[in-house]
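Me: I've got a model open and want a quick tour. Can you walk me through it?

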Amino acid sequence: MPAKKRCQSQAGTSAQCNQAALRIVGECPMCRAQFCGTHRLPEHHNCTNLEDCRKQAFERNKDKLESERTVASKMATA
């Protein structure tokens, strides 16, 4: 049986997390590293791609809000 994958938070330092990495939700979508339940969110493991993640989320939210904007209909005044 292969060894359990360990959390990669602060890997290579004395403060490295020793908990087992989660199988399904433990992989960070931005940096593709494996993390435990405590460090699985990009904010909690100091993700190197966190700024890109924030920019993408901002752009998605901006596009969604602009697509839902209500535009007043133009009325001809006589």
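Me: What feature does UniProt place at residues 13–52?
Reply: The UniProt record puts "domain: AN1-type" there, from an unreviewed entry. Keep in mind that this is a predicted model.

Me: How much helix and strand is in residues 13–52?
Reply: The span is 8% helix and 0% strand. Its end C-alpha atoms lie 25 Å apart.

Me: Switching to His-39. Where is it found?
Reply: His-39 sits in the segment before H1. That helix covers 50–67.

Me: Is His-39 buried or exposed?
Reply: Buried. His-39 has a relative accessible area of 17%, and it counts as buried because the cut-off is under 20%.

Me: Which residues does His-39 touch, leaving out those up to four places away in sequence?
Reply: Cys-7, Ser-9, Cys-17, His-44 and His-45.

Me: And how far is Gln-10 from His-39 in space?
Reply: 9.9 Å, C-alpha to C-alpha. In sequence, Gln-10 and His-39 are 29 residues apart.

Me: Where is the place of Gln-10?
Reply: Gln-10 is in the segment before helix H1. His-39 is in the segment before H1 too.

Me: Why does Gln-10 count as partly exposed?
Reply: Because its relative accessibility is 46%.

Me: New topic, charges. How many salt bridges does the count come to?
Reply: One salt bridge. Glu-27 pairs with Arg-32.

Me: How far apart are the closest N and O atoms of Glu-27 and Arg-32?
Reply: 3.4 Å. The pair counts because the cut-off is within 4 Å.

Me: Is Arg-32 buried or exposed?
Reply: Exposed, with a relative accessible area of 57%.

Me: Last one, pockets. What volume does the largest pocket have?
Reply: About 280 Å³.

Me: How many residues line the largest pocket, and which lie nearest its centre?
Reply: Ten residues line it. Ala-3, Lys-4, Lys-5, Ala-21 and Arg-23 lie nearest the centre.

Me: How do the residues of that lining divide into nonpolar, polar and charged?
Reply: Six are nonpolar, one is polar and three are charged.

Key. Residues are numbered from 1 along each chain as its sequence is written. This is a predicted model: local features need pLDDT of at least 70, side-chain atom pairs count only at pLDDT 80 or more; totals for chains, interfaces and linings use all residues. Side-chain values use heavy atoms; hydrogens and water are left out. Helices (H or I, at least four residues) and strands (E, at least two) are DSSP runs, numbered from the N terminus. Buried means under 20% relative accessible area, exposed over 50%, partly exposed in between (1.4 Å probe, protein chains only). UniProt positions are given in the numbering used here, feature names are shortened, and annotations may be inferred rather than shown by experiment. Contact means heavy atoms within 4.5 Å. A salt bridge is a side-chain nitrogen of Lys or Arg within 4 Å of a carboxyl oxygen of Asp or Glu. On a 1 Å grid over the protein atoms alone, a cavity is a set of points where a 1.4 Å probe fits but cannot get out, and a pocket is an open set with protein on both sides within 12 Å along at least five of seven lines; lining residues have an atom within 4 Å of a point. Grid points are joined across faces, edges and corners, and a volume is the space filled by probe spheres set on the points. Ala, Val, Leu, Ile, Met, Phe, Trp, Tyr, Cys and Pro count as nonpolar, Asp, Glu, Lys and Arg as charged, and the others, Gly among them, as polar.
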